[in-house]
Amino acid sequence: MLIEVDRVLEVKNSRIWPNVIVSPMAGVTDIAFRKLLWELADKRIGLTVSEFISVEAQPVLTPRNLQAITPFAGEKPFAVQLFGASPKKMAQAVIEVQELKPDFIEINAGCPMKAVIGRGGGSSLLKDLPRLQKMLHLSRKVLDIPLLLKTRIGWDQESINIVEVARIAEGEGVEMLTIHGRTREQAYKGLAHWPSIAKAAQSVKIPVIGNGDIATAEGARQRLQQYPELAGVSVGLALMHNPWLMAQVADLWSGLPVKVPGAMDLQQMFQRYMDLLIENGYTMDSLAGRLKQLVARILRFIEPDIYDIRHEILTSTHTAELLDKLWHFLEKEYKYRGCVFVPGRIKNLNGAGSTTIEE
Ligand SMILES: Cc1cc2nc3c(=O)[nH]c(=O)nc-3n(C[C@H](O)[C@H](O)[C@H](O)COP(=O)(O)O)c2cc1C
């Protein structure tokens, strides 16, 4: 039996279509990258989330944070993500951020980074559920817009507590819960454990979004087929391998043929990304790192393998050299070598073979 994957996902008055979300990635999904995805998808993106900002130093709306949480014109619905340790500071930050009128505010209880958990934020909240509950409670009390939560399945394999977390979230008025199917101990290793996500979704009525290891639009569809209890899925790393992924999801959901980009599309996409980075404060010199980040991932998905060219491009020492080599490859070598961009060929984005958690 074919199960409908294009489920109605509404949070208060916002419709999230397609029910596939752009997962926040600090240092990647800034305004330039989100806008790139949105343009490539002809504006058909369900929900975007800002990079996270800390609530510990207040007031939180410093120029830098403000830049991180400002949407581009037309970016809607849009969620601002916050992280921190103190329930009171979180609620105070929520009051400040709410003034900017985002559609949603999301609390991060999943970040595994030492700098974040060392101070009691991110996934360390999974070890202190009373504090997480208080944080949600105080934040909900001061909010007029929906509160979202993004978390992991537990701290480590011995303490998978996502069902309890989901119930607390629902009880405190969280209106959508996104679960990354790894533990904090795993960080980004191994594979996400989707049965744990599904179990949590079965135990609450609020929409639950599953997250982890989705590599393609078809992969998103398969997860939703497999887990009818999920309201949607969220995609992170794969967007760096394939910035057209959201476009492909929207096409697949609409019954349209999924387009496969060629060399010229790649060139135009890189050019547009550079323009967007420059519009948002980067210079020709400073954007090299960001461009390399994307080039490195995308060129892994070219068939036949182009290790030699990839290495040569990525060892460029400045932007002009990088562009020279990249354009040369796309304009000359790509066709000559019979290259094709096949973003679906690697299934496990981090090279993982299996999960560490028993079924
Ligand atoms: C570089 C990087 C930065 C991330 N930053 C955030 C963040 O700021 N907030 C958050 O909730 N998750 C963050 N994540 C986690 C992703 O949103 C996502 O949950 C995780 O990568 C698993 O999904 P994926 O397999 O589709 O990438 C980050 C992940 C990466 C790789």
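Mentor: Let us begin with helix 7 (residues 194–202), where Trp194, Ser196, Ile197, Ala198, Ala200 and Ala201 are buried. A residue is called buried if 20 or more other C-beta atoms lie within 10 Å of its own, exposed if 12 or fewer do, and partly exposed in between, with the C-beta atoms placed from the backbone. Helices (H or I, at least four residues) and strands (E, at least two) are DSSP runs, numbered from the N terminus. The model is a predicted one, in which local features need pLDDT of at least 70 and side-chain atom pairs count only at pLDDT 80 or more, while totals for chains, interfaces and linings use all residues. Residues are numbered from 1 along each chain as its sequence is written.

The buried residues of helix 7 pack against strand 8 (147–154), helix 6 (162–171), strand 9 (176–183), strand 10 (208–211) and helix 8 (217–226). Contact here means that the C-beta atoms of two residues, placed from the backbone, lie within 7 Å.

In soluble globular proteins, nonpolar side chains tend to be buried together. The largest nonpolar core has 103 residues, of which Leu82, Ile105, Val208 and Val235 touch the most other members. Such a core is a set of buried Ala, Val, Leu, Ile, Met, Phe, Trp, Tyr and Cys residues joined through C-beta atoms within 7 Å. Helix 10 (residues 245–254) provides the largest share of this core, namely six residues. Because domain 1 (14–254) and domain 2 (263–341) both give residues to the core, it lies between them. Leu82, leaving aside its neighbours within four places in sequence, is in contact with Phe52, Ile53, Val55, Met90, Ala93, Val97, Ile105, Ile107 and Asn108.

The division of the protein into domain 1 (14–254) and domain 2 (263–341) rests on domain bounds from an automatic or database domain assignment. The C-alpha centres of the two domains lie 29 Å apart, and 10 residues of domain 1 are in contact with 10 residues of domain 2. On the side of domain 1 that touches domain 2, helix 1 (31–40) and helix 9 (238–241) each supply at least two residues, and helix 1 gives the most, with six. The residues of that side of domain 1 divide into six nonpolar, two polar and two charged, where Ala, Val, Leu, Ile, Met, Phe, Trp, Tyr, Cys and Pro count as nonpolar, Asp, Glu, Lys and Arg as charged, and the others, Gly among them, as polar.

Some details of the backbone in the loops complete the picture. The peptide bond from Gln58 to Pro59 is cis, with omega near 0°, and Pro59 is found in the loop between strand 5 (53–54) and helix 2 (63–68). Glu303 and Pro304 are also joined by a cis peptide bond, with omega about -5°, and Pro304 lies in the loop between strand 12 (302–303) and helix 13 (307–314). Asp42, in the loop between helix 1 and strand 4 (47–49), has a phi near 50°, a positive value in a residue other than glycine, and it counts as exposed because it has 11 C-beta neighbours inside 10 Å.
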